[in-house]
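Good morning, colleagues. Please bring up the sequence and the structure.

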Amino acid sequence: MTQRQYRPTIAQLRTFVTIAEHGHFGTAASHLGISQPSLSQALSALENGLGVQLIERSTRKVIITPVGHSLLPYAQSTLESLEHFVTHARGATGGLVGSLAIGMIPTVAPYLLPDFLRAVPSIAPDLSPRIIEEKTPHLMDGLRQGKIDVAVTGMPGEGGGLQTVDLYTEEFVLVVPSGHPLAGRRDLTVDELSTVDMLLLDDGHCLRDQVLDLCRHVDMANDPRYSVTRAASLSTVIQLVAAGLGCTLVPLSAIGVECQRPGFSLATFSGGAVRAGRTIGMAFRTSSTRLDDYAALGEIVAKSFDEVAARSREVLEQQLQQA
């Protein structure tokens with residue numbers, strides 16, 4: 001009969017789960033680093049406390065009872081929750097460990113994530129990053145609501161309980177249809193953008209705002225704000241350029257992925273990112289106590305960008321030579 005006040009200990013649950021998973025008392029005892037009699041006593045205490053038989057003893061093999069099968073997932077889940085609890089506690093006391101919700105904008109995530117996620121295990125093996133890809137306004141809301149921990153984004157204004165730090169700056173590259181007069185140029189000036197029909201991403205993308213900020217300094221023949229053609233992704237915008245529907249600006253980090261297709265050419269600005277570029281940074285709550293951890297995380301992001309940018313420059317150089 002179940003003892004109403006009985007609550008199993010973590011050691012007892014771990015004993016049951018280990019026996020069930022290994023199917024052998026001796027192996028389970030060795031895995032837990034205890035004697036086989038101690039293992040049997042812990043299992044008996046659990047069964048007596050619950051008032052049910054979980055394991056049938058046999059000289060040859062371990063048989064899990066039907067009740068044992070039904071309760072096993074709950075025991076495993078309890079142990080997993082305990083591990084998550086401890087891991088989170090370690091993260092709260094410092095160091096890149098445990099789960100961390102990281103927001104990234106759509107014009108960063110597809111290009112940096114592969115390098116970033118490959119780098120994490122060697123630099124922060126106990127970190128479990130959870131990536132949320134969203135537009136900047138949604139990421140800022142998520143930060144304020146505590147749904148995410150940090151956000152990698154085009155630099156928003158500080159305030160509203162948020163703090164930002166710069167991670168890296170990258171230049172914009174002009175993408176034009178094949179045969180366009182600006183194709184292959186390495187010495188563009190921002191003023192020359194006045195001659196192009198600029199295609200933009202849809203509202204909410206900080207890249208759209210960054211391009212518009214650049215265009216405000218130019219007497220554009222066609223104001224890109226009133227273009228009827230907008231897209232949700234850089235891939236779509238570049239396909240529109242290849243179809244001859246206009247031109248666009250893309251960040252250097254996107255070149256290696258997006259710009260190895262036919263139908264368009266590239267051009268760069270004199271002065272690079274100083275003349276035409278964007279700054280990517282990391283935002284987090286001012287109330288956070290993990291500033292050192294976020295600084296270390298920012299270094300991983302910045303290093304990932306350096307690797308992506310190096311590959312993109314190779315593609316850029318090839319495209320410029322072919323134009």
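Let me begin with a term: a cavity here is a set of grid points where a 1.4 Å probe fits but cannot get out. Please bear in mind that this is a predicted model. With a threshold of 30 Å³ or more, the count comes to 1 cavity. The space in the largest cavity is about 60 Å³.

Which residues line the largest cavity? Among them are Met 198, Leu 207, Arg 208, Val 211, Leu 234, Val 237 and Thr 248. By class, the lining has 9 nonpolar, 1 polar and 1 charged residues. At least two lining residues come from each of strand 7 (200–201), helix 7 (206–215), helix 8 (234–242) and strand 9 (248–251). Helix 7 supplies the largest share, 3 residues.

I now turn to the aromatic rings. The model has 2 aromatic pairs. In one of them, Tyr 168 and Phe 305 have ring centres 3.9 Å apart and planes at 5 degrees, so this pair is stacked; planes under 30 degrees apart count as such. Tyr 168 belongs to strand 6 (residues 162–177) and Phe 305 to helix 10 (residues 291–322), so that distant parts of the chain, 137 residues apart, are linked. Both Tyr 168 and Phe 305 are buried.

Phe 284 and Tyr 294 form a tilted pair, at 5.4 Å centre to centre and with 45 degrees between the planes. Because Phe 284 lies in strand 11 (residues 277–285) and Tyr 294 in helix 10, the pair ties together parts 10 residues apart in sequence. Phe 284 and Tyr 294 are both buried.

Terms used
Residues are numbered from 1 along each chain as its sequence is written. This is a predicted model: local features need pLDDT of at least 70, side-chain atom pairs count only at pLDDT 80 or more; totals for chains, interfaces and linings use all residues. Side-chain values use heavy atoms; hydrogens and water are left out. On a 1 Å grid over the protein atoms alone, a cavity is a set of points where a 1.4 Å probe fits but cannot get out, and a pocket is an open set with protein on both sides within 12 Å along at least five of seven lines; lining residues have an atom within 4 Å of a point. Grid points are joined across faces, edges and corners, and a volume is the space filled by probe spheres set on the points. Helices (H or I, at least four residues) and strands (E, at least two) are DSSP runs, numbered from the N terminus. Ala, Val, Leu, Ile, Met, Phe, Trp, Tyr, Cys and Pro count as nonpolar, Asp, Glu, Lys and Arg as charged, and the others, Gly among them, as polar. Rings of Phe, Tyr and Trp (its six-membered ring) pair if their centres lie within 6.5 Å; planes under 30 degrees apart count as stacked, over 60 as edge-to-face and the rest as tilted. Buried means under 20% relative accessible area, exposed over 50%, partly exposed in between (1.4 Å probe, protein chains only).
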